[in-house]
Amino acid sequence: MDSPANPMVMVFDGVCLSFGGECVLDGISFSVERGETLVIQGAAASGKTLILKLALGLIRPTRGRIFLFGEDATEYRDEQWNDVRARIGMLFQEGGLFDSLTVEENVAYPLLNQKRAPLTELEIRRRVQESLDFVELGHTLDKFPSELSGGMRRRVGIARAIVTQPELLLYDSPTAGLDPITATTIMALIVKGRDASHATTIMVTHRHQDGELLDRYRWDPSTSALVPAEPGSTRTRYMVLREGRIVFLGSPAEFDACQDSYVAKFASR
Amino acid sequence: MLDLLKRPVYTFQEFVLLSIRSVRGVFRKPAYWGDTLIQMDLIGVGSLPVVCLTGFFSGAVMALQMSRALQTYGATSQVGKIVAITMVREMGPVLTALMVAGRNSSGMASELGSMKVTEQIDAMRALGTDPVLKLVKPRLLATAVVLPLLTVIADFLGLVGGWVVACVMLQLAPGAQYWETAWRAIEYNDIAQGLIKPFCFAVVLSLVGCYYGLQTTGGTQGVGRSTTQAVVVASVWVVVLTFIIGRIFTKL
């Protein structure tokens, strides 16, 4: 697989995606280094979620190449994708929890399905409890997703995404439709998840506050709270999409200074 | 003209591809026996009351309607034979399949459709599970096993319904004669036809339900649309298939 010499976790090279002749992503090229944080913003239907789905192999590009962990994954078969997916954690917009399974079964699902290094039942239980404690929902093991609030479902989704300790974490609009307090709690957990495991993080969001939190704060384990980070220490970059094209890709300073009227709408000015 | 044909041809192509993947999936691991047993319970045990009622009353109605015609020709002794042949060859398999289409194809489409619009199918794939193996295969296997069994039950209850009307209510023929003519009328060809049909219907019903579920787009409205389409398409296929299989068997 990838070598330590190759710092690129993900590379999109001229990726295009069409549905029924209509181009929804056009010439998408970017790369994400190990340990980096990428915040993807853009208007609705600009193709943000599609980038995450392409990165997981849930849809295939019409043109272009996708490299994951140093390997060209564009032509991978489903079995090969499953090996790559085991290294990626994903939080879907609505959580994507299975209605018919309890919280415990939902969080254990990725551990039960991973082929490499199968775990014992005891180890699975321990990892699930640990993961749910991480999102402060250790007491909800026997509940079903329908019994949880929207914010709790997202937190269980985060627990499921991090339970395999993945190298790459993808978040699809984790705060969409949540009240500001719950949204901040979710974002704090995402920052905590990133800093606890030093995982590469890609987050799609509509809210500029979410990007700011990822960029300007870090998780302090000694105080168990978010504290201001040294400028540039979180290695965060911003990407802005418009109608399937990248219109901005750069550092937080460049993002704040960008004069483009469309990009400025997503910056905190 | 080409644009008009594009959509149905595409739908048929996707359905065939799902069918091939599902049938290949039957021989692939993991087996998901637990899910298959749950589906057998839902489809088989769950459909039992409605199938029993339908079978009983279809046999009863047939005996009732035939009684007048048979009295005209003085052939009331043949009522058992007519009920048996019609139930085993046609009415049992078709009515049972239509009941299961209404109950379970719609259920599969709505369940899988809801999973699709709430990103559970994507999550399943992202977590390394093939939805065809986990969701379609158990439903296909379960329906293929229980539909022929439900049909046998419906056939028998149809004969009982015919007996109640012909022998108990109208007293057209003695009970022993009814059962004797019914028993003698059924040939191996009829039994084969009566079991092959539900098996073919089962494959189509489950795959149609799963196909429309997995193709769902457009939120809760889309789930409703998929459910309706699944029931309509599955029911039409039942009627078309019964004609095709019936035609094949009449040539044998």
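Some ground rules. Because the model is predicted, local features need pLDDT of at least 70 and side-chain atom pairs count only at pLDDT 80 or more, while totals for chains, interfaces and linings use all residues. Residues are numbered from 1 along each chain as its sequence is written, and chains are lettered from A and ligands numbered from 1 in the order in which they are written.

Start with the overall picture. Chain B has 8 helices and 0 strands. Helices here are DSSP runs of H or I, at least four residues; strands are runs of E, at least two; both are numbered from the N terminus. The C-alpha trace of chain B spans about 70 × 45 × 35 Å along its principal axes. Of its 252 residues, 45% are buried. Buried means 20 or more other C-beta atoms within 10 Å of the residue's own; exposed means 12 or fewer; partly exposed is in between; C-beta atoms are placed from the backbone.

Now contacts. Two residues are in contact if their C-beta atoms, placed from the backbone, lie within 7 Å. Take contacts in chain B between residues at least 6 apart in sequence: 88% of them join residues at least 24 apart.

Next, a helix pair. Which way do α7(B) and α8(B) run relative to each other? They are roughly antiparallel. The axes of α7 (residues 188–214) and α8 (residues 219–251) cross at roughly 155° and come within 9 Å. Those axes are lines fitted to C-alpha atoms over the stretch in contact, with angles from 0 to 180 degrees between N-to-C directions. Under 35 degrees counts as roughly parallel, over 145 as roughly antiparallel, 65 to 115 as roughly perpendicular, and the rest as oblique. From α7(B), the contributors include I196(B), F201(B) and V204(B); from α8(B), they include V233(B), W237(B) and L241(B). The contact divides into 15 nonpolar, 7 polar and 1 charged. Nonpolar covers Ala, Val, Leu, Ile, Met, Phe, Trp, Tyr, Cys and Pro; charged covers Asp, Glu, Lys and Arg; the others, Gly among them, are polar.

On to α5. This helix covers residues 131–169 of chain B, and a kink of about 35° lies at K137(B), shortly before the proline P138(B). The bend is the angle between axes fitted to the seven residues ending there and the seven starting there. L141(B) is also in α5. L141(B) has 23 other C-beta atoms within 10 Å, so it is buried. Leaving aside residues up to four places away in sequence, L141(B) touches V26(B) and T36(B). Its C-alpha is 8.8 Å from that of S206(B), 65 residues apart along the chain. Just after α5(B), Q171(B) takes a positive phi of about 50°.

Most residues other than glycine have a negative phi, and most peptide bonds are trans. E119(B) has a positive phi of about 65°. It sits in the loop between α3 (79–117) and α4 (120–126). E119(B) is buried, with 22 other C-beta atoms within 10 Å. K29(B) and P30(B) are joined by a cis peptide bond, omega about 0°. P30(B) is in the loop between α1 (2–26) and α2 (33–73).

Last, the partner chain. The contact takes 16 residues from chain A and 11 from chain B. On the chain B side, 3 are nonpolar, 4 polar and 4 charged.
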